Amino acid sequence: MKKALTLSLLTVFLFLAKALALVNYEAPPIELKGVLLLQDAYNPKAYYYLPKTPRIALTPDGLPAFVMVKFVDPKGDTSGGLLHMLVTLTLPPDELEDLRKEFAKIRSGAEIVGPLPLLQAKEGSFKVISGTLSDKGFTRSIISSGRAPLTPGSQAAIAAVLDQHGATLLWNSLKSPTSDVSVSIRAYYEALLPSIKAHVYADISTVYEHFSKVKNIQEDYTRDQIRRITDELVRTGVIKVEVLERLPGDAGNRAIQSLVDLLSQKLTDLIFDQRTGFTAVPAKEKAVEAGQIKGRQKKGWLARLFTSTGNQKYYTDNQFVLKERKDISRGVFSINLTRRTVIKVPYDTAGNLSGFYAVYHEDARLFKVVNLADPAFQKREVFFRIDGDFVQAFESLINFASVTLKKTYPNHEEATGELIFTREDLRQGKFSKSWRYARLGQKDAGWLKYAYKTSWDLKGHHQFESTWQETDAPIITLAPPLKRFDLTVDADRLAFEDFGVRAAVIMVRYKLFGQKVIKRLAVLKASDGESLSEFILFLDPKATLEYQVSWFYSDGQRIKKDWQTLEEGYLFLSPPE
């Protein structure tokens with residue numbers, strides 16, 4: 001039963017290790033076909049692949065998930081544009097198969113198990129680097145998913161709305177060998193590294209030797225006794241403590257160092273304690289003393305009474321007693337302590353859209369030019385997208401958002417439509433959706449006008465619906481009736497230790513949908529590795545954010561501060577004296 005339990009625990013440990021996808025830091029990476037191959041920390045035959053640059057993702061039918069739309073006004077001039085694409089770090093199946101074949105040629109018996117999952121500490125690890133897209137004079141707005149595509153199969157979205165100058169510049173830059181759009185990803189992966197090795201060894205031997213020799217000779221009523229007693233105690237002890245520390249300052253290493261010190265001290269006490277330790281002296285053998293030799297011939301009391309010291313019958317009395325005893329006690333003590341630490345290895349990469357236009361510029365599904373003055377253009381496509389500031393609200397606050405549309409005609413029935421944005425849509429990078437309506441022979445510019453209204457379904461059975469709005473804009477940005485508040489909390493962890501603070505609890509209160517909300521924002525501990533904590537809160541548009549800090553000390557004392565209004569997005573905490 002015990003063996004089965006041990007095997008079960010080992011299986012669970014190996015499963016967790018595989019799920020964590022730890023890399024062997026001491027094994028050098030292999031670069032093959034522009035891809036890095038990293039060895040698994042527990043299985044030397046398993047490798048993970050890590051592309052050196054991000055790439056545009058592919059749709060299920062193998063088409064790049066990219067679209068660039070340029071709008072042309074009735075005069076033939078560019079009036080604006082739209083850019084949307086999905087970025088990934090996952091290799092396509094055909095490239096991955098070719099990589100595995102090439103890898104099998106250079107490393108027999110090993111295999112590529114999949115992509116290496118990457119991690120990121122906070123938002124902002126995924127950035128778009130572009131002079132055109134970042135210039136507010138050229139770009140009406142740009143949004144992205146905010147988080148890099150680090151998990152296998154994940155994708156990150158980029159969407160931008162350009163004015164007439166930005167659309168022209170971006171379109172022309174895509175024709176150049178190096179475009180004006182690059183994607184930067186900053187992340188890290190975890191690797192396993194032995195941080196401390198300790199070996200405690202002791203060799204103890206205790207030798208007890210006792211030798212006794214007695215010679216007794218009696219002649220002419222005289223006695224010569226010779227005693228020789230030898231007691232010798234030899235104690236030899238060898239203690240070796242070897243510690244190899246690779247990552248100083250780590251809390252886990254300090255814990256193992258304390259354990260090594262404890263073992264060394266206890267072992268030293270055990271060796272040199274002469275009462276109960278390894279070097280305890282055995283019970284000594286008694287030497288031969290007077291009266292211990294039995295059967296000697298002596299003059300009786302009656303003979304001494306009548307004859308005094310007269311002439312007696314001679315007795316030879318030669319006796320020899322030899323004792324020898326040897327006790328040898330030996331002990332060997334050995335223990336090995338090894339700790340393996342997981343470290344964060346940074347991964348910084350960037351990719352450019354260079355050469356993409358040269359390959360796909362003739363594909364109208366990727367590069368579109370929409371001429372609103374073309375008589376053959378009988379339909380118009382308008383786009384609606386979610387404001388990037390509220391993408392995260394779909395995870396914690398918004399159930400879904402819907403857009404109701406209608407287009408009225410002078411001589412025809414009105415056309416209607418509806419667009420719905422769900423939480424799953426935004427997870428897949430679908431920030432924008434479009435609606436098409438027909439021109440139906442309307443010749444004046446009034447055919448560009450349409451009406452829409454938005455509806456927001458929020459958690460807690462809250463719903464908000466706007467009024468009908470008429471517009472002729474080709475792109476509409478949607479935002480809920482909320483205010484986003486980005487908060488960064490910084491705390492002096494060294495001051496925590498100086499003042500004996502165990503933790504600080506931050507409470508916040510604000511109004512949401514007209515109701516007061518009070519919740520615990522964070523618990524800051526003195527042992528936290530990161531000093532900065534970032535939070536995103538959603539409030540009513542005119543609401544104020546208040547915070548309260550409670551300090552908990554090691555001696556059980558608690559100090560609760562008053563509520564304070566937070567005006568800025570940065571809060572620094574220091575323990576009260």
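**The largest cavity and its lining**

Mentor: The lining of the largest cavity holds ten nonpolar, two polar and no charged residues (Ala, Val, Leu, Ile, Met, Phe, Trp, Tyr, Cys and Pro count as nonpolar, Asp, Glu, Lys and Arg as charged, and the others, Gly among them, as polar). The model is predicted, with local features requiring pLDDT of at least 70 and side-chain atom pairs pLDDT 80 or more, whereas totals for chains, interfaces and linings use all residues. Residues are numbered from 1 along each chain as its sequence is written, and side-chain values rest on heavy atoms, without hydrogens and water.

Searching the whole structure gives one cavity of 30 Å³ or more, and the volume of the largest cavity is about 60 Å³; here a cavity is a set of points on a 1 Å grid over the protein atoms alone where a 1.4 Å probe fits but cannot get out, and its volume is the space filled by probe spheres set on the points, which are joined across faces, edges and corners. Its lining, meaning residues with an atom within 4 Å of a point, consists of Tyr49, Leu50, Pro51, Leu89, Thr90, Pro115, Leu116, Leu118, Pro149, Leu150, Thr151 and Pro152.

E4 contributes the most to this lining, with three residues; strands are DSSP runs of E, at least two residues long, numbered from the N terminus. E4, residues 46–51, pairs with E8 in the parallel sense over four bridges, where pairing requires at least two DSSP bridges, and Tyr49 stands opposite Pro115 in E8. Both strands belong to an open sheet of four strands with mixed pairing, in the order E2-E3-E4-E8, in which E8 (111–115) and E2 (30–32) are the edge strands, each pairing on one side only.

Methods
1 Å grid on protein atoms, 1.4 Å probe; cavity = no way out; pocket = protein on both sides within 12 Å on 5 of 7 lines; lining within 4 Å.
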